[in-house]
Amino acid sequence: QQAAPGVTAHNIANASTEGYSRQRAVIASNPAMVTPQGSYGTGTSVVDVQQVRDALLDANYRNEASVASENQSRSDMLTRVETIFGEPSDNGLSATMDQFFSAWSDLASSPGTDSVRSVVRERGSELVDKFHELSANLDQVRQEVESRLQTGVDRVNQLTDQIASLNQQIVGVEADGTTAGDLRDSRNKALDELAGLIPVTVTQRSNGSVGVATSGINIVDGAVHTPIEAVTAGGTWSLQIVGRPGALPDVG
């Protein structure tokens, strides 16, 4: 009972710590002392400090996190494209094309007028400039997407390496039957972040470690992690296991 307030104090101290799971002391009776005069109790001991965490909620969160992240990224990029085109507006692509075709209509009505011909040339030049401007801005968005993709892949590899390392530590600490709560919190935090980058399936192992797979391919197996890389072919990006050509299915 003297140890239990220490666990409570630890919970209070970490109330604002990201990824922290509340812990509770598991108290059990000590083995009885048997004597010729009878059996005598020997009190209680703290046999473990367990996390208060719902594995089902963890799995549901990770299933939805990748979907939410994908939709958010798509929304961000489409918003950028929408801003580039700037429609509807007086100086957007649609307005520039309307002015160009209107100039041709005026030319059809007055083909011999020099001023009308000059307007056609001017409107045509403005339309070309607008296409060049849009192309340059879209190229910038593409480069940003590719940069974010590479940054994301690098982060995935960092997280899988971290999870594999934590697996090894947790297995070592829990070999005596206790729970490595703080290490498990660190691993859960890494798993949650990983799920926001790629769709993952997490499998709990009996020794305290976890396996992590994406599209049926193991990227973390105990203390071993398998790095991935982003590759492009024909303008299409995909992910693959490093050194093993062939895109991971349903991961992009």
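In H3, the buried residues are Leu93, Ala95, Thr96, Phe100, Ala103 and Leu107. This comes from a predicted model, and the cover over those H3 residues includes H2 and H4. An α-helix has 3.6 residues a turn, so residues three or four places apart point the same way. As for its length, H3 has 17 residues and runs 25 Å from first C-alpha to last, close to the 24 Å expected at 1.5 Å a residue.

Two packed helices are described by the angle between their axes and the distance between the axes. For H3 (residues 93-109) and H4 (residues 114-173), the axes come within 9 Å and cross at roughly 160°. An angle over 145 degrees counts as roughly antiparallel, and H3 and H4 are therefore roughly antiparallel to each other. Their crossing is left-handed. On the H3 side, the contact is built from Leu93, Thr96, Met97, Gln99, Phe100, Ala103, Trp104, Asp106 and Leu107. H4 brings Val116, Arg117, Val119, Val120, Arg123, Gly124, Glu126, Leu127, Lys130, Phe131 and Leu134 to the contact. Sorted by class, this H3–H4 contact holds twelve nonpolar, three polar and five charged residues.

The axes of H4 and H5 come within 9 Å and cross at roughly 155°, which makes H4 roughly antiparallel to H5. H4 passes H5 in a left-handed crossing. From H4, the residues making this contact are Arg155, Val156, Leu159, Thr160, Gln162, Ile163, Leu166, Asn167, Gln169, Ile170 and Val173. H5 answers with Leu183, Arg184, Ser186, Arg187, Ala190, Leu191, Glu193 and Leu194. The contact of H4 with H5 comes out at ten nonpolar, five polar and four charged residues.

That leaves H2 (residues 55-85). At 1.5 Å a residue, its 31 residues should span 45 Å, and the end C-alpha atoms of H2 sit 46 Å apart, which agrees. The buried residues of H2 are Asp58, Arg62, Ala65, Ser66, Met77 and Ile84; charged side chains are among them, namely Asp58 and Arg62. What covers the buried residues of H2 includes H4, H5 (181-195) and strand S5 (201-204).

Conventions. Residues numbered from 1 in each chain as written. Predicted model: local features only at pLDDT ≥ 70, side-chain atom pairs only at ≥ 80, totals over all residues. Heavy atoms only, no water. Axes fitted to C-alpha atoms, helices over the stretch in contact; angles between N-to-C directions. Helix = DSSP H or I, 4+ residues; strand = E, 2+ residues; numbered from the N terminus. Parallel < 35°, antiparallel > 145°, perpendicular 65-115°, else oblique. Left-handed = near helix turned anticlockwise from the far one by under 90°. Contact = heavy atoms within 4.5 Å. Expected span 1.5 Å × (residues − 1). Buried < 20%, exposed > 50% of the residue type's maximum accessible area, 1.4 Å probe, protein only.
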